[in-house]
Amino acid sequence: MIDLPVADPGRPDTRSPIPLLVWVGRHQIGTILVAIVFGIIWMVSQALMPYAIGQAIQQGIVDDNRDALVRFCVLLAVLGVIQAVAGVFRHRFSVQVWLQASFRLAQVVGHHAARSGDAVRAELSTGEVVATVSNDALRAGGAFDILARLSGSVVSYIVVAVILLATSVPLGLIVLIGVPILTLSLSFVIKPLHVRQRVQRDEVGLLTALGADTAAGLRVLRGVGGEDVFFDRYQKRSEAVRVSGVRVATPQSTLDSAQVLLPGLFVVLVTWVGARLAASGDISAGELIAFYGYAGFLVIPLRTSAEAVEKFTRAHVGARKMLRVLAVQRAVEDPAEPLAEPPPGAPLVDPDSGLSIEPGSLTCLVSATPDETSALADRLGRIVDDCGVMLGDTPLDRLPLEVVRRRILVSEPDPLIFSGTLRSELDPWGRSSDDEITAAIEVAAAEDVLVALPAGLDEVVDERGRSFSGGQRQRLVLVRALLSDAEILVLVEPTSAVDAHTEARIAAQLHDFRAGRTTVVVTASPLVLDRADTVVLIADGKVHASGTHRDLLRTSSAYRDVVTRGETA
């Protein structure tokens, strides 16, 4: 769920598609009402045109009343102008409502996916999330595009029915009873269409995910000769999308043909009944012409109703897909009753392991099982919930996430780089000068990366940093971590992908660069361990030994085995 209670009007209710769409509509109710008003004016002005034409013919031509003819011709011209002006504004505000709703839904899904982080990736593929933002949001927004026309159709239908009832009760009853029956008859097509659209949407999501994964690993595929295998896999998945699309086409074509056939039959019925009434003298010639105009006009609200049913169905399918993303729970939640943050310089303590990090020191964590220290680093940065770590006298679980992320930064071993300029990648906060960025680059021994770029810090970096090697990406991520200037910086294997010479340079400069601030490094590299103020050996999830690197080499055989990998010290 999103990070606010269900009762909060500022967030969507993610229990079902309809409350989600209602939430979106409530946030743009003003624009929707304006579009509906213009939609009603637009449709009612069209509905009154047959009346003006019928009266002009009956009074002006049949009864030979020229004043009446001029009066109703002027009325017809005024209705035409009103229809044109209202139609322009109706279309403008309808498109605005559609785009606002679509982009608002895309923002909700995108922001929730960003805040949920690994929780979304654990349950949904990247392609599924991308398809939800790019396709499903637009489909769901389409339900708001039709509201103005649908409202105008309903009101104009009532106006026409009242006019017909006042003129001829049989014709009025045909309209009042026939239009709802025709609209309800379309529901027999909607259910199979709904099911098949959902299947097609699932197939499109799988195809998008496969395409994203293939594009991301294209260099690896070429290296191992797996292009043909993935091409065949993509071809089969694409064929599944095509087959599901063909299955959607059957009910979709039936619905489209019904939108033309049923209103046409209705027009024929109304015209035939009106002609019989005119022949028997129950209505005049002008009223017969007006009835024929009403019959032709009623095609518009009928087809609009059918289109609304289709768009609401597609919106329901799209909203249901978005709920799959919004239903993913965050791995870490803000506390219900947060506490005030402790003052700067508070020690970081993990009671479960017995680890205590002294403020302002460089501490290295070592373990024969790397997963132990990685899990400990996640707890220190509250990457996992119920971490049990204390910052001073305050549990991290009771601090707002914004405070924890501001004061404690965990740089994970997987070097993740986004697209954009190198400057924005290294300093996403935009608060460091070129000299400060250059100094951090020197500490991370990444000068070769900067020198190789023609535009330097202004060079545009490819997505995921594909143009860089693994070691270069790792050093750039280290630069980004250093520029965060976090009070407590936790680095997980920051030098695992670099050579020994580069690792020695980084180790020699890291201590001085972070002087006065707390730094925790998860590593088993002797080059880094030798520069630490304190080295802590973790075994079976507990602190087994602590001291300097050289002291532990002399006093702890378990430490020697881990650091020297079983070789003689």
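Four residues, the largest share of the nonpolar patch, come from α3. Its members are Val-37, Ile-41, Val-70, Val-74, Val-78 and Ile-82, which together have about 460 Å² of accessible area on the surface. Two or more residues each are given to this patch by α2 (29–62) and α3 (66–116). Patches consist of residues with over 30% relative accessible area and no salt bridge, joined within 5 Å for nonpolar side chains (Val, Leu, Ile, Met, Phe, Trp, Tyr). A salt bridge is a side-chain nitrogen of Lys or Arg within 4 Å of a carboxyl oxygen of Asp or Glu.

Val-74 lies in helix α3. Val-74 counts as partly exposed because its relative accessibility is 47% (buried is under 20%, exposed over 50%, partly exposed in between, with a 1.4 Å probe and protein chains only).

## Basis of the model

The model is predicted: local features need pLDDT of at least 70 and side-chain atom pairs pLDDT 80 or more, while totals for chains, interfaces and linings use all residues. Residues are numbered from 1 along each chain as its sequence is written, and side-chain values use heavy atoms, without hydrogens and water.

## The whole chain

The protein chain has 22 helices and 12 strands (DSSP runs of H or I, at least four residues, and of E, at least two, numbered from the N terminus). Of its 569 residues, 45% are buried.

Along the principal axes, the C-alpha atoms fill a box of roughly 120 × 55 × 45 Å.

Technical notes
Patch = residues over 30% accessible without salt bridge, like charges linked within 9 Å, V, L, I, M, F, W, Y side chains within 5 Å. Areas by Shrake-Rupley, 256 points an atom, 1.4 Å probe, with all protein chains shown as cover.
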